[in-house]
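Colleague: Could we go through this model together?
Modeller: Gladly, here it is.

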Amino acid sequence: PFARRQRSTVAEHEYTRLYTILTIAKIATLVGLWIFFTVAILNIDTKPTSISTISLKPNETTVQVSDVATQLLYVTLRGSIEHSVMSEDACDVAVRVQRRSSDLKETYWSTDQWCLMVVDEETFNHASKLFNSQQKQEGSISVVSVQCFNVEPMGLVMELRDSPLLIRGGIALAFILFLALQVLIVFELIDRAFATILLASTAIGVLTFMNHRPELEVILSWVNFEPLMILFCLELIVAVMDQAGFFDFVVLQAYKMSKGQLWPLVFISGAVTAVLAALLDSAIIVHPLTPIYISLCQSIGIDKIKFLIIMLISANIGGGCTAVGNPSSALLATDREVQEVYDMDFFTFLAHMLPGTVPSLILFYALVYFVHRKTLTADADPEENRNIAGLKERIAELKEKDKKFLFDPADNYYENLASMEQSRRIKDKQLFIKCLIALAFCVLLYLLNSIPGVAEGATLCWIPLLAAFLLLITSPFVNFLVIMDRIQYSMLLFLAGLFVLAAALEEMGFFAYFGDALANIVEKWDPSYQVGATMLAVLWSCALLTILIDSSCVAIFMLRLCSHILESGHLDIPLTPMVWAIAFGSAIGGSGSLIGTSASGAVELIARKAGHRMYFTSYWLFAYPLMVPLLAVVSVYLILVHMVFSWH
């Protein structure tokens with residue numbers, strides 16, 4: 001025994017020593033990053049962008065001299081235009097970067113032309129392309145040649161800036177930053193929000209050393225504030241609903257409908273969770289629901305971890321059905337580029353996602369039942385039912401009034417129901433009614449906004465904001481500071497940091513490099529299969545990436561990558577099928593991993609505080625094999641609607 005104790009003491013000492021070394025190494029690395037971007041930001045000033053307005057006349061060429069000294073020139077045009085994937089015959093505006101003599105009369109070298117199409121005058125788009133002018137001539141100057149083939153004169157705004165791709169290590173540094181983010185998040189070395197903000201700052205430091213430091217206004221323009229506002233307002237609404245006892249009431253009704261029977265309770269609770277997630281965001285509703293579900297499992301004898309996993313997957317898949325159902329869906333639906341090519345509203349998103357989501361949920365519940373029907377039960381906790389003796393009159397009343405429904409009452413159903421009625425009841429009936437009114441107001445405005453010409457200003461961002469205002473104004477006794485304390489600011493900072501990091505990596509050429517490489521591969525495929533093959537590749541890539549990467553990160557990065565793929569070369573592939581593939585891949589694939597979604601991390605943390613550990617490996621072995629058949633169903637659905645019926 002003495003020898004065993006001695007070995008244990010030595011092992012504990014070695015572990016403590018290793019932990020100390022790793023902690024010091026982590027702090028040293030983070031301090032190094034801090035020194036890097038601090039020195040860069042303090043010593044190198046911002047570099048303004050060259051912006052000018054050009055006037056184009058039919059069948060004439062306008063030349064703009066570039067003062068950018070690097071070989072790589074990033075050209076952005078803004079106006080009534082869009083990128084053309086058609087033949088040169090359909091080209092309305094042709095753009096080239098050329099090397100000309102100082103008097104502009106002689107052309108020494110020219111890039112291939114970049115074709116743009118003229119669209120409706122009321123539309124204001126932007127299109128960007130990176131040009132590589134490697135050919136140099138002594139005494140030559142770099143110019144941007146814009147030739148107009150349109151029948152009417154037009155004006156465009158031209159933005160010229162150099163690209164940090166001049167440093168060939170730029171792409172390698174961008175890739176290192178991307179991997180560093182995943183390492184910090186996967187191994188939980190620091191909080192994921194702090195990790196994202198730290199690496200976004202480091203990326204700006206890299207751009208600064210490349211003499212490409214963006215101005216503060218530009219950095220703020222990288223952040224899409226719409227999904228952040230959606231999540232913030234929905235968190236306010238959910239916090240008030242929880243204070244009114246809304247979620248206790250919902251779980252109590254699910255228990256009543258199931259009569260306490262195990263699998264009916266699982267299916268009904270899962271369906272209710274999916275619907276609530278679709279309306280109020282899966283990453284938000286799991287906070288009030290998870291403690292209630294843990295208590296329910298303890299009182300009636302259900303394996304708490306497996307039940308929580310089933311509810312979590314239901315929330316993720318159900319939330320992916322709507323534009324506000326999870327963070328990745330909100331990011332996709334409110335993305336500026338997606339809005340430019342497809343006027344996305346709540347019911348448009350729902351119409352595309354619902355036919356694939358409902359069969360996936362039904363198949364998921366069927367698979368869970370056949371695979372785990374004998375392993376979901378557990379011993380009930382007697383402490384949960386300690387007040388049963390004082391509820392005999394209520395139990396007798398319930399037995400007398402009970403009407404036979406679809407199921408026979410389970411053992412101890414009336415005892416559990418009486419106990420739950422005492423602890424899981426509506427806490428404030430007036431506030432409860434106001435919550436229902438606010439929720440109905442949201443759904444009504446979502447519906448009206450989808451009707452052309454009706455409530456056009458009611459965007460996905462404004463609707464939950466107006467509902468939150470309505471709920472808070474009509475609830476004067478609700479403590480606003482208490483509600484604000486329940487906001488998940490870390491999730492909002494995490495998403496804001498992702499926006500900045502993704503844009504900074506794009507400035508380094510990260511997405512352009514991989515986009516061009518993948519576009520060259522896609523161009524070799526049969527044109528009749530390019531849309532379907534690319535769509536399925538995006539779907540399954542998202543599903544695989546979410547094993548180790550948060551689905552919000554996957555959605556942002558994959559959307560930017562798809563945009564570059566479709567802008568490269570002459571691919572006649574629309575963006576919208578890729579958007580739906582990313583949405584399905586993020587929602588379903590992210591459900592298969594404990595770190596795949598924001599909701600997963602929240603449930604794991606709440607369960608851990610309650611004394612129930614959820615491990616990555618056990619979660620993955622339970623969930624991911626069930627996700628593969630769901631992804632196969634979604635693949636068939638996407639092929640059917642986009643390849644056969646061309647819904648896009």
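Colleague: Which residues of α16 are buried?
Modeller: This is a predicted model, where local features need pLDDT of at least 70, side-chain atom pairs count only at pLDDT 80 or more, and totals for chains, interfaces and linings use all residues. Residues are numbered from 1 along each chain as its sequence is written, and side-chain values use heavy atoms, leaving out hydrogens and water. Helices (H or I, at least four residues) are DSSP runs, numbered from the N terminus, and buried means under 20% relative accessible area, exposed over 50%, partly exposed in between (1.4 Å probe, protein chains only). In α16 the buried residues are I463, P464, L465, A467, A468, L471 and L472.

Colleague: How far apart are the end C-alpha atoms of helix α16?
Modeller: The expected span is 1.5 Å times one less than the number of residues. For the 12 residues of α16 (residues 462-473) that should be 16 Å, and this agrees with the end C-alpha distance of 16 Å.

Colleague: Which residue meets D550 in a salt bridge?
Modeller: A salt bridge is a side-chain nitrogen of Lys or Arg within 4 Å of a carboxyl oxygen of Asp or Glu. D550 is buried at 5% relative accessible area, and its N to O distance to the partner is 2.8 Å. D550 sits in the loop between α20 (530-545) and α21 (551-567) and the partner in helix α3 (residues 192-209), so the pair ties together parts 358 residues apart in sequence. That partner is R192.

Technical notes
Helices (H or I, at least four residues) and strands (E, at least two) are DSSP runs, numbered from the N terminus.
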